[in-house]
Amino acid sequence: MTRGRPKHYENMNQDEREAYWQREREARNMREQEAFNMLSEDQQKAIILAKEVITDFVNEWTESFDVYNPETPRKMQQAFWAFQNHFDIEEK
């Protein structure tokens, strides 16, 4: 994994820069997928549920600064309890 731009980035043409960042994206995506696959099935489901409900909430809030779908708060509560039950994250 590289941090920041490569040493001779300024000397690359546009195609080389695009190819470089494409390789970086693909490597990052592969690392993230490998890490996700190492989680238990319940942990994966908790993350997927949380992503869905956060997306729903942000979309509703952005449109009207209100949560108009009654399912959104229920889903948020389900996501909270899924994280609470499937991830051992306690404040120290």
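Residues are numbered from 1 along each chain as its sequence is written, and side-chain values use heavy atoms, with hydrogens and water left out. Because the model is predicted, local features need pLDDT of at least 70 and side-chain atom pairs count only at pLDDT 80 or more, while totals for chains, interfaces and linings use all residues.

**Exercise 1. Helix spans**

Task: Compare the spans of α1 and α2 with the expected values.

Solution: 
- Step 1. Helices are DSSP runs of H or I with at least four residues, numbered from the N terminus; strands are runs of E with at least two. The expected span is 1.5 Å times one less than the number of residues.
- Step 2. Helix α1 covers residues 14-37, which is 24 residues. From first C-alpha to last, α1 reaches 34 Å, close to the expected 34 Å.
- Step 3. Helix α2 also has 24 residues and reaches 35 Å, close to the 34 Å expected.
- Step 4. Look at the helix ends. At the start of α1, a side-chain oxygen of Asn-13 comes to within 3.0 Å of the backbone nitrogen of Asp-15. Just after α2, Phe-65 has a positive phi of about 50°.

**Exercise 2. Aromatic pairs**

Task: Classify the ring pairs Phe-57 with Trp-61 and Phe-83 with Phe-87, and state how accessible each residue is.

Solution: 
- Step 1. Rings of Phe, Tyr and Trp (its six-membered ring) pair if their centres lie within 6.5 Å; planes under 30 degrees apart are stacked, over 60 edge-to-face, and the rest tilted. The structure holds four such pairs.
- Step 2. The ring centres of Phe-57 and Trp-61 are 5.9 Å apart and the planes meet at 15°, so this pair is stacked. Both residues lie in helix α2 (residues 41-64), four residues apart, about one turn of the helix.
- Step 3. Phe-83 and Phe-87 are stacked as well, at 5.0 Å centre to centre and 20° between the planes.
- Step 4. Apply the accessibility classes: buried is under 20% relative accessible area, exposed is over 50%, and partly exposed is in between (1.4 Å probe, protein chains only). Phe-57 at 27% is partly exposed, and so is Trp-61 at 39%. Phe-83 is partly exposed at 30%, whereas Phe-87 is buried at 16%.

**Exercise 3. Salt bridges**

Solution: 
- Step 1. A salt bridge needs a side-chain nitrogen of Lys or Arg within 4 Å of a carboxyl oxygen of Asp or Glu. The whole structure has four.
- Step 2. Glu-32 is partly exposed at 46%, as is Arg-28 at 38%.
- Step 3. Glu-41 is exposed at 56%, and Lys-45 is partly exposed at 48%.
- Step 4. An α-helix has 3.6 residues a turn, so residues three or four places apart point the same way.
- Step 5. Asp-56 is partly exposed at 25%, and Lys-75 is partly exposed at 30%.

**Exercise 4. Buried residues**

Task: Which residues do the buried Thr-72 and Ala-46 touch, leaving aside neighbours within four places in sequence?

Solution: 
- Step 1. Contact means heavy atoms within 4.5 Å.
- Step 2. Thr-72 belongs to helix α3 and has a relative accessibility of 1%. Its contacts are Val-53, Asp-56, Phe-57, Glu-60 and Val-67.
- Step 3. The side chain of Thr-72 also makes a polar contact with that of Glu-60, at 2.6 Å. A polar contact is a pair of N or O atoms within 3.5 Å; within protein, one must be able to donate a hydrogen and the other to accept it, and residues adjacent in sequence count only if both atoms are side-chain atoms.
- Step 4. Ala-46 lies in helix α2 with a relative accessible area of 2%. Ala-46 is in contact with Ala-82, Phe-83 and Phe-87.
- Step 5. Buried residues of α2 include Ala-46, Leu-49, Val-53 and Glu-60. The buried residues of α2 pack against α1 and α3.
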